Amino acid sequence: MAIRERLSGNEAVATAMKQINPDTVAAYPITPSTEVPQYFSNFVANGEVDTEFIAVESEHSAMSACIGASAAGGRVMSATSSQGLAYMFEMLYVAAGMRLPITLICGNRALSAPLNIHNDHSDSMGVRDAGFIQLYCENNQEAYDNTIMAVKIAEKASIPVMVCYDGFITSHSVENIMLLETEEVKKFVGERNPVQYLLDDERNISMGPMDLQKYYFEHRKQLADAMRGAKDIIKEVSDEFYKLTGRKYDLYENYMMDDAEIGIVVLNSTAGTAKDAVDKLRKEGVKAGLIKPRAFRPLPYNEIPEALKNVKALAILDKCDSVNGYAAPLFTELTSAMFSKGVIIPTVNYIYGLGGVDVKVNDILDVFDNLKNIAKNGKIEKTTYYLGMEN
Amino acid sequence: MIEIRWHGRGGQGAKTASLLLADAAFNTGKYIQGFPEYGPERMGAPITAYNRISDTPIRVHSNIYEPDYVVVVDDTLLEAVDVTNGLKEDGAILINTNKKPEQLLEHLNGYKGKIYTIDATKISMECIKANFPNTAMLSAIVKITGIMTKEQLLKDMRDSFKHKFARKPEVIEPNMQAVERAYDEVTGGNE
């Protein structure tokens, strides 16, 4: 029986973790994800879970402890944001390279400097090549659902998963949510059954030693292949979740895109705001649509170009910047995928909302206004815009 | 959809009040959002919090710029913050003050909608013996918006307080008195 509740994003994620009851959680607090280990340590103290909670002295240690516990054979989770994720950088590559199915919660926040505690995607985008699967969430419900699915996806793919949701906008907003019964969650995630693990007393192995050239390249290729294969695993786990909850998840969400003439691609909470903008335009007879990637790693490089191939103009919105003198990551990767698939459409990049600058329905309508002109003229004036900073 | 903007000062409980209002509306079966705008977090600094209440799922995730209702938890904010900015003229503003609405007009930028006042600080001092005006303000805004009946509100608040004050049950009755008095004492609007 589904439970109707109202929770903040952080409460929703902590609740999912409680229901999952992992073997180990190691975390260090950082705004805006602090509440996740805070609530979770309460569950531990109250005996509601039997998790070993390790209060470490830094995020580097948090991920190191997760790696050790996961290699030992445990089901392991952590949570962080911003500078904390940046401080984990070195160990993220180790977690993925060792193929450890750790679930890492990321409450997305800007990176210093200047110091800023508010939301953008600089942190998770900054570690996009670490080898983690990355799932992005529009709201509290998706943060909860993806946290539950992440555990299963990680263990089936033998790749760690990062669940990303917007700091404050999602983490600290109270919204309606449908929760599963704890027994349903436990049944869904099952037990972790690692093929090999350090605490297997019948089989002595070492994990994570040095590789010489040939083995290193082979292992990296295996990781890359596993990431490619993870698309099917994500779909499979999502189908199973759909049967349990009626909530449908794919690699991306297609909103009114099938007959759209102008479209935007955007991650996380802004996608909700943009859906209201799409509805407004549709009422005026404008064929607008939206693609919301759920998986950025693995990149749906076939699926998303296919879904948007019929639009006359496209905007890809990034809540971070590559500072490469050109454009931001979602844009560069998706336009590259479009080019490879022969999908050639006038496409612009909007960098928006850095450091938590609020994004309104009207801001999205401004983007669509530009797209109307591009669709009419068939060409773009420039590639990269900074939303609200152009005048 | 009803959109509400709260203005308070850090430490006065405007954020808590917005979350309690979200709770109350949730319990009547609505879709809700309750969220604060986080700025420099220090006691006494102006803070803003928001509510959306709707019969259908809420997807928009921006702040609220054209609210139906504005709640001002501290009337000294009237001189510091443009509280009626974007407020709909067919909406209303609720102010915690011991002054009459006529005395506040100069700070309301010619706002033509309904103006409600309540001395929530006095109610709080008399009932709770401390300055926590937020529960009284919550009760007053529930009455103005009509999102639930007085009976529903009282039942709901009692349940919330039982949970919130599980370790100091002696403050439940004083808070309930504040809720009930505020519901009856809020004045203004068309009167």
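Me: How many salt bridges does a search of the whole structure find over all chains?
Reply: A salt bridge is counted when a side-chain nitrogen of Lys or Arg lies within 4 Å of a carboxyl oxygen of Asp or Glu. By that test, the whole structure holds 38 salt bridges over all chains. Keep in mind that this is a predicted model, in which local features need pLDDT of at least 70, side-chain atom pairs count only at pLDDT 80 or more, and totals for chains, interfaces and linings use all residues. Side-chain values use heavy atoms, with hydrogens and water left out, residues are numbered from 1 along each chain as its sequence is written, and chains are lettered from A and ligands numbered from 1 in the order in which they are written.

Me: Where in chain A do A:Glu261 and A:Lys312 lie?
Reply: Helices (H or I, at least four residues) and strands (E, at least two) are DSSP runs, numbered from the N terminus. The side chains of A:Glu261 and A:Lys312 form a salt bridge at 3.9 Å, N to O. A:Glu261 sits in the loop between β9 (252–255) and β10 (262–265), and A:Lys312 in the loop between α10 (303–308) and β13 (313–318), so the pair links distant parts of the chain, 51 residues apart.

Me: What about B:Lys150 and B:Glu180 in chain B: which helices hold them?
Reply: Their side chains meet in a salt bridge of 4.0 Å, N to O. B:Lys150 belongs to helix α5 (residues 150–164) and B:Glu180 to helix α6 (residues 172–185), so this pair ties together parts 30 residues apart in sequence. B:Glu180 is partly exposed, at 36%.

Me: How many residues apart are B:Asp159 and B:Lys155?
Reply: Both lie in helix α5 of chain B, 4 residues apart, about one turn of the helix. B:Asp159 is partly exposed at 37%, while B:Lys155 is exposed at 57%.

Me: Which residues are joined into one network by salt bridges that share partners?
Reply: In chain A, these are A:Glu138, A:Glu142, A:Glu253, A:Lys275 and A:Lys292.

Me: How many helices and strands does chain A have?
Reply: Chain A has 12 helices and 15 strands. Buried residues make up 58% of its 391 residues.

How values were computed
Buried means under 20% relative accessible area, exposed over 50%, partly exposed in between (1.4 Å probe, protein chains only).
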